[in-house]
Amino acid sequence: ELEYLGSTVEHKFDSTFNYIKVVSTNLNGGIITSIAQNNNPQSDNCVDRIGIRAREPIQEDFVYLQSDLDELANFELMKCTRTQLSVDIQSFYLPHLVEDCVVTQTDPSHNFTETRLLVNTINAPFVGSMTLNCVDTNKL
């Protein structure tokens, strides 16, 4: 569209994790563990593509239920995945965009064909263009 000025893609391979382990104790004093790993075949960082890249285990003292620990492990994996690849979109000022909305981008230079991107942050100075920092929702 006319508002689109270009985009840049950044891969952060030095901080790539696709395997998260969280450890806690349950109400009976026993140790509980949850593991989340990226098995999404559309992700550049899935276990099948690059092998296991484990983050140091997370010790959590106040999670007593296995279901809560599983949710925390998946949340931590999602956080790691969101920071591994970012897309900065430059465009003219679009006042209707807000953080946490999804935009669609087509840009052959980055192999994006109607790619859905989740907006993390918006930098919109008073004059000129704005920058949207996004993550590819297919890679989460």
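Me: In which strand does Ser91 lie?
Reply: This is a predicted model. The element that holds Ser91 is strand S5. Strand S5 covers 85-92. The name asked for is strand S5.

Me: Is Ser91 buried or exposed?
Reply: The relative accessibility of Ser91 is 3%. Buried means under 20%. Ser91 therefore counts as buried.

Me: Which residues does Ser91 contact, leaving aside neighbours within four places in sequence?
Reply: Glu3 also lists Ser91 among its own contacts. From the side of Ser91, the partners are Glu3, Tyr4, Leu5, Ser129 and Met130.

Me: Where is the place of Glu3, and which residues is Glu3 in contact with beyond four places in sequence?
Reply: Glu3 sits in the segment before strand S1 (4-11). Its contacts, leaving aside neighbours within four places, are Gln90, Ser91, Phe92 and Leu94.

Me: What does 29% relative accessibility make Glu3 count as?
Reply: Buried requires under 20%, and exposed requires over 50%. Glu3 has 29%. So Glu3 counts as partly exposed.

Me: What separates the C-alpha atoms of Glu3 and Ser129?
Reply: Ser91 contacts both Glu3 and Ser129. Along the chain, Glu3 and Ser129 are 126 residues apart. Their C-alpha atoms are separated by 9.1 Å.

Me: Which elements give two or more residues to the largest nonpolar core?
Reply: This core has 13 residues. Val87, Ile89, Val103, Leu132 and Cys134 have the most contacts inside it. The elements giving two or more residues are strand S5 (85-92), strand S7 (112-123) and strand S8 (129-136).

Me: Which residues does Cys134 touch, not counting those up to four places away in sequence?
Reply: Cys134 is one of the residues with the most contacts inside the largest core. Cys134 touches Leu85, Ser86, Val87, Ile89, Val103, Leu117, Leu118, Val119 and Asn120.

Me: How many residues are in the second, separate core?
Reply: Ile20, Leu69, Ala73 and Cys80 are included in this core. The count is 11 residues.

Me: In what order do the elements run from the N terminus on?
Reply: The protein chain has 2 helices and 8 strands. The order is β-β-β-α-β-α-β-β-β-β.

Me: Why is the protein chain more spread out than a compact globule, and what is its radius of gyration?
Reply: The globule rule gives 14 Å for 140 residues. The chain is well over that, so it is more spread out than a compact globule. Its C-alpha trace spans about 60 × 30 × 25 Å along the principal axes. The radius of gyration is 18 Å.

Methods
Residues numbered from 1 in each chain as written. Predicted model: local features only at pLDDT ≥ 70, side-chain atom pairs only at ≥ 80, totals over all residues. Heavy atoms only, no water. Core = buried A, V, L, I, M, F, W, Y, C linked by side-chain atoms within 4.5 Å. Buried < 20%, exposed > 50% of the residue type's maximum accessible area, 1.4 Å probe, protein only. Contact = heavy atoms within 4.5 Å. Rg over C-alpha atoms; globule rule 2.2 N^0.38 Å.
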